[in-house]
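Here is a short briefing to read with the model open beside you. Keep the sequence at hand as you go through the topics.

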Amino acid sequence: MLHIGCHLSCSNGYLAMGRQALALGADTFQFFTRNPRGGSVKPFDEADAQALVALMREHGFAPVVAHAPYTLNACAAEESIRDFARRTMREDLERLEHLPGAMLNFHPGSHVKQGAETGVRLIAQLLDEVLTPDVHTPVLLETMAGKGSEVGRSFEELRAIMDTSKCGGRLGVCLDTCHVWDAGYDVVTALDDVLAEFDRVIGLDRLKAIHINDSKNPMGSRKDRHERIGEGTIGLDAFARIVRHPALRGLPFELETPNELEGYAREIALLRTLAEEAGE
Ligand code: FE
Ligand code: FE
Ligand code: ZN
């Protein structure tokens, strides 16, 4: 059974997202922990969070993905920017303790002329500061397209963060199909090889979620422009192989495609059909 959902707006609260997911045919979803541009966040509503947890249990949801704001940069050169990332992640993780069944995904950061090695060190350091023993939420590093000076374009860079952090054993990975393709991993004609490479470098046991997006640009373009499923350079046949792949079975798949809700519902139905055509 394919666990699939999409990115939803959190503006009406947690339970509203769960209901919206059900209406779209989803059994997981993703949401921003706060306004992606601003840092502000509504006061936490414990009853609302508990209502979502109950709905997720009742309907057999796969884990949901809380996405940290894009504006966080855990490896900025300026301490004030790193401090904002640190405080935001701490606050988000505190809230997520009340939402069992959620994972926190974040973009590792951009090293901006400091070099990837320094970037990796700063990210690992910040994770050591926020991943205190009272944090139970799985934290995921997202595979990045490599635009600008993004850290996490290669599986090796993600592995380096895990190896450098004292909490590395607690980290997972969210693989974004658009990002890895834009970063140069051929998920279209060599999916098996890409996943074998992931297993060799990071370990498939660390893979906790998939962002399922087509791409507007060719492999290796390092652009990060998402496209609707089947309308981009990755294409429908490749997505059929992705949703059927045994190594990815059981993971939550989250759509971050340029869509309104009806478009998401159509893509969810389409991908469920493709997954079932595997003959199981
Ligand atoms: Fe992301
Ligand atoms: Fe993504
Ligand atoms: Zn992206």
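How far apart are the zinc ion (ligand 3) and the iron ion (ligand 1)? They are 5.5 Å apart. This is a predicted model, in which local features need pLDDT of at least 70 and side-chain atom pairs count only at pLDDT 80 or more, while totals for chains, interfaces and linings use all residues. Residues are numbered from 1 along each chain as its sequence is written, chains are lettered from A and ligands numbered from 1 in the order in which they are written, and side-chain values use heavy atoms, with hydrogens and water left out.

**The iron ions**

- The iron ion (ligand 1) has H67 (NE2), H107 (NE2) and E142 (OE) as its protein donors, at 2.0 to 2.2 Å. Donors here are N, O and S atoms within 2.8 Å of the metal (3.2 Å for Na, K and Ca), and water is not among the atoms, so sites may look incomplete.
- Along the chain, these donors of the iron ion (ligand 1) are spaced as H-x39-H-x34-E.
- H67 sits in strand β3 (residues 64-67) and H107 in the loop between β4 (102-106) and β5 (109-110), so this pair, 40 residues apart, links distant parts of the chain. Helices (H or I, at least four residues) and strands (E, at least two) are DSSP runs, numbered from the N terminus.
- Both H67 and H107 are buried. Buried means under 20% relative accessible area, exposed over 50%, and partly exposed in between (1.4 Å probe, protein chains only).
- E142 forms a bridge between the iron ion (ligand 1) and the iron ion (ligand 2), which lie 3.2 Å apart.

**The zinc ion**

- H179 and D224 are both buried, with D224 at 16% relative accessibility.

**Backbone points to check**

- Most residues other than glycine have a negative phi, and most peptide bonds are trans.
- V112 is not a glycine either, and has a positive phi of about 40 degrees. V112 lies in the loop between β5 and α4 and is exposed, with a relative accessible area of 53%.

**Helix packing around α5**

- Helix α5 (residues 155-164) and helix α7 (residues 191-201) have axes that come within 10 Å and cross at roughly 20 degrees. Axes are lines fitted to C-alpha atoms, for helices over the stretch in contact, and angles run from 0 to 180 degrees between N-to-C directions.
- That angle makes α5 roughly parallel to α7; angles under 35 degrees count as roughly parallel, over 145 as roughly antiparallel, 65 to 115 as roughly perpendicular and the rest as oblique.
- F155, E156 and R159 of α5 make the contact (heavy atoms within 4.5 Å) with V194, E197, F198, R200 and V201 of α7.
- The residues of this contact of α5 with α7 comprise four nonpolar, no polar and four charged. Ala, Val, Leu, Ile, Met, Phe, Trp, Tyr, Cys and Pro count as nonpolar, Asp, Glu, Lys and Arg as charged, and the others, Gly among them, as polar.
- Helix α4 (residues 116-130) and α5 have axes that come within 8 Å and cross at roughly 45 degrees, and α4 and α5 are therefore oblique to each other.
- On the α4 side the contact uses A116, V120, R121, I123, A124 and L127, which meet E157, A160, I161 and T164 in α5. By class, there are seven nonpolar, one polar and two charged residues.

**Buried spots elsewhere**

- In helix α8 (residues 236-244), the buried residues are A238, F239, A240, I242 and V243. These pack against α6, α7, β9 (207-212), β10, β12 (252-255) and α9 (261-276).
- T88 lies in helix α3 (residues 79-96) and counts as buried at 4% relative accessibility.
- Not counting residues up to four places away in sequence, T88 touches R34, P69 and L72. T88 and L72 are 16 residues apart in sequence and 8.1 Å apart in space, C-alpha to C-alpha.
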